[in-house]
Amino acid sequence: TNWSGSRAVVALPAGAGTCLGDLLLSRQPTPVEVKLPPSPNGTNTAGDVTASTPYWDGCSTIVSQVGSQVTWTNFRCSAPCWLEEFQCGTPRVWTYCRSWGNFSGTISGNRLIGTQIETFEAISGNSRYSVSAEVEYDLQRN
């Protein structure tokens with residue numbers, strides 16, 4: 001099924017007060033389109049999750065729907081992470097590697113709201129730190 005809406009960082013379980021953490025929290029919600037494989041109620045369906053973001057290219061998951069509860073688990077992508085650049089306060093440029101945890105959400109009518117944890121490993125030379133971000137999805141069925 002096809003869904004569209006937005007996703008936004010709503011909390012930082014780890015990494016609050018860091019430059020990358022502050023940057024992630026300051027971002028406006030971004031539009032997202034998600035295509036989930038059909039999942040008959042009460043069963044698990046393996047398939048691809050695609051979205052209008054380059055970071056999900058080549059990703060697959062197992063989608064499960066039981067009643068109004070939807071999860072996608074075992075989120076695996078052809079690339080183990082994606083590197084992006086960001087800059088904090090100093091002229092030094094950082095990169096981060098992003099990876100994903102499980103998604104858990106609830107369908108109510110044509111709306112799907114849920115959260116997923118994204119983990120970021122910020123890297124600049126020998127300096128590193130991790131940020132864990134709770135990302136909320138607010139989607140409508142197309």
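A: A residue is termed buried when its relative accessible area is under 20%, exposed when it is over 50%, and partly exposed in between, with a 1.4 Å probe and protein chains only. The model is predicted, so local features need pLDDT of at least 70 and side-chain atom pairs count only at pLDDT 80 or more, whereas totals for chains, interfaces and linings use all residues. Numbering starts from 1 along each chain as its sequence is written, and side-chain values use heavy atoms, with hydrogens and water left out.

Helices (H or I, at least four residues) and strands (E, at least two) are DSSP runs, numbered from the N terminus.

The aromatic side chains come first. Rings of Phe, Tyr and Trp (its six-membered ring) pair if their centres lie within 6.5 Å; planes under 30 degrees apart count as stacked, over 60 as edge-to-face and the rest as tilted. Tyrosine 96 is buried, at a relative accessible area of 0%, and phenylalanine 120 is buried at 1%. Both residues belong to one aromatic cluster together with Phe86, Trp94 and Tyr129.

In general, nonpolar side chains in soluble globular proteins tend to be buried together.

A contact means heavy atoms within 4.5 Å. Apart from residues up to four places away in sequence, leucine 112 touches Trp3, Leu36, Val70, Phe103, Gly105, Thr106, Ile107, Tyr137, Asp138 and Leu139.

The charged residues are next. A salt bridge places a side-chain nitrogen of Lys or Arg within 4 Å of a carboxyl oxygen of Asp or Glu, and the structure holds three. Arginine 7 and glutamate 118 form one of them, at 1.9 Å from N to O. Because arginine 7 lies in strand E1 and glutamate 118 in strand E9, this bridge ties together parts 111 residues apart in sequence. Arginine 7 and glutamate 118 are both buried.

Arginine 111 and aspartate 138 form another bridge, at 2.6 Å from N to O. It ties strand E9, where arginine 111 lies, to strand E10, which holds aspartate 138, so parts 27 residues apart in sequence are joined. Arginine 111 is partly exposed at 35% relative accessible area, and aspartate 138 is likewise partly exposed at 26%. Glutamate 121 bridges to arginine 128 at 3.8 Å, N to O. Here glutamate 121 is partly exposed at 24%, while arginine 128 is exposed at 54%.

Serine 124 also lies in strand E9. Serine 124 is buried, at 7% relative accessibility, and it contacts Arg92, Val93 and Trp94, leaving aside neighbours within four places in sequence.
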